[in-house]
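Visitor: Hello, could we look at this structure together and go through it step by step?
Guide: Gladly; here it is.

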Amino acid sequence: MNNIEAARTGIVETGRKMLASNLVTGTWGNISCRVEGESLIAVTPSGMEYDTLQTSDIVVLDMDGKVVSGDRRPSTELPMHLHIYKNREDVNAIVHTHSTYATALACAHRPVAPIVEELVQVVGGDVRVAKYALPGTSELADNVLTAARSRQAALLANHGMVGMGRTLRETFRICEIVEKASKILILSHMVGQPLHLSFEDVQIMREYYLKHYGQP
Ligand SMILES: [Zn+2]
């Protein structure tokens, strides 16, 4: 399998996992990754069901957004994906979801506070809220990049969340953990005042995760 096919296969598999884990409903959300060894990205098509998606539906584009392979129209959030790849060399995969608890915080314009250990390990701290802008706009892309500085995720005000990692597998895990941490944060407010992890402990856990924990 060449690198373009590997990227397409990875995206189709991630779409199925995303649907099965209830991080999205219907056709919402989108997934992309860099094509290894090329200055290209592969991205989900606009408005197609994840359970019927075939590798041939995945659109491959250059960094200017010009389609080099595929007949489908790319995701409407393509400007956000391209903007992140152009500005974040550490990011090889992006998953955007509308998962319920993360979106609940995003609607209240409240960050996911650094209260859960696995959250700070995979994200690097709290998950900030990108200022509201209409979906698909370069303004939203800019706002997301600002909110995600030195982090691997951001909430999108009144919209959802986006995870950005080294691989599709890691990025999907980031989205699952942000959703779980959002749920815990909201529940924790019902029983008391959630206490934040200290800045120092967050740095130690993040460092350990990057250098020693599992496989990316
Ligand atoms: Zn969206």
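Visitor: Let's begin with Arg-151: is it buried or exposed?
Guide: Bear in mind that this is a predicted model. The cut-off for a buried residue is under 20% relative accessible area. Arg-151 has 13% relative accessibility, so it counts as buried.

Visitor: Which residue forms a salt bridge with Arg-151?
Guide: The partner sits in the loop between α4 and β6, while Arg-151 is in the loop between α5 and β7, 25 residues apart. The closest N and O atoms of the pair are 2.9 Å apart. The partner of Arg-151 is Asp-126.

Visitor: And how many salt bridges does the structure hold?
Guide: One of them joins Asp-57 and Arg-72, with the closest N and O atoms 2.9 Å apart. Asp-57 is in the loop between β2 (40-43) and β3 (59-62) and Arg-72 in the loop between β4 (67-69) and α2, so this pair ties together parts 15 residues apart in sequence. Asp-57 is buried at 5% relative accessible area, whereas Arg-72 is partly exposed at 41%. The number of salt bridges in the structure is 7.

Visitor: Which residue forms a salt bridge with Lys-180?
Guide: The closest N and O atoms of this pair are 2.6 Å apart. Lys-180 is partly exposed, with a relative accessible area of 42%. Lys-180 lies in helix α6 and its partner in helix α4 (residues 117-123), so the bridge ties together parts that are 62 residues apart in sequence. That partner is Glu-118.

Visitor: Staying in helix α6, what is the relative accessible area of Ser-182?
Guide: Ser-182 has its place in helix α6. Leaving aside neighbours within four places in sequence, Ser-182 is in contact with Tyr-101, Ala-102, Leu-105 and Val-112. Ser-182 is buried, and its relative accessible area is 0%.

Visitor: Is Met-190 buried or exposed?
Guide: Met-190 is also found in helix α6, which covers residues 168-191. Together with Leu-187 and Val-191, Met-190 forms a nonpolar surface patch with about 360 Å² of accessible area. Its relative accessibility is 65%, so Met-190 counts as exposed.

Visitor: Which residues coordinate the zinc ion?
Guide: In sequence the donors are spaced H-x1-H-x60-H. Two of them link distant parts of the chain: His-98 is in the loop between β5 (93-97) and α3 (100-107), and His-159 in the loop between β7 (153-156) and β8 (160-165), 61 residues apart. His-98 is partly exposed at 26% relative accessible area, while His-159 is buried at 13%. At 2.0 to 2.1 Å, the zinc ion is coordinated through NE2 atoms by His-96, His-98 and His-159.

Visitor: How far apart in space are Thr-14 and Val-95?
Guide: Thr-14 lies in helix α1 (residues 3-20) and is buried, with a relative accessible area of 3%. Not counting residues up to four places away in sequence, Thr-14 touches Ile-31, Val-95, Leu-168 and Phe-172. Thr-14 and Val-95 are 81 residues apart in sequence, yet their C-alpha to C-alpha distance is 8.8 Å.

Notes: Residues are numbered from 1 along each chain as its sequence is written. This is a predicted model: local features need pLDDT of at least 70, side-chain atom pairs count only at pLDDT 80 or more; totals for chains, interfaces and linings use all residues. Side-chain values use heavy atoms; hydrogens and water are left out. Patches are made of residues with over 30% relative accessible area and no salt bridge: like charges are joined within 9 Å, nonpolar side chains (Val, Leu, Ile, Met, Phe, Trp, Tyr) within 5 Å. Accessible areas come from the Shrake-Rupley method with a 1.4 Å probe; for residues, only the protein chains shown count as cover. A salt bridge is a side-chain nitrogen of Lys or Arg within 4 Å of a carboxyl oxygen of Asp or Glu. Helices (H or I, at least four residues) and strands (E, at least two) are DSSP runs, numbered from the N terminus. Buried means under 20% relative accessible area, exposed over 50%, partly exposed in between (1.4 Å probe, protein chains only). Donors are N, O and S atoms within 2.8 Å of the metal (3.2 Å for Na, K and Ca); water is not among the atoms, so sites may look incomplete. Contact means heavy atoms within 4.5 Å.
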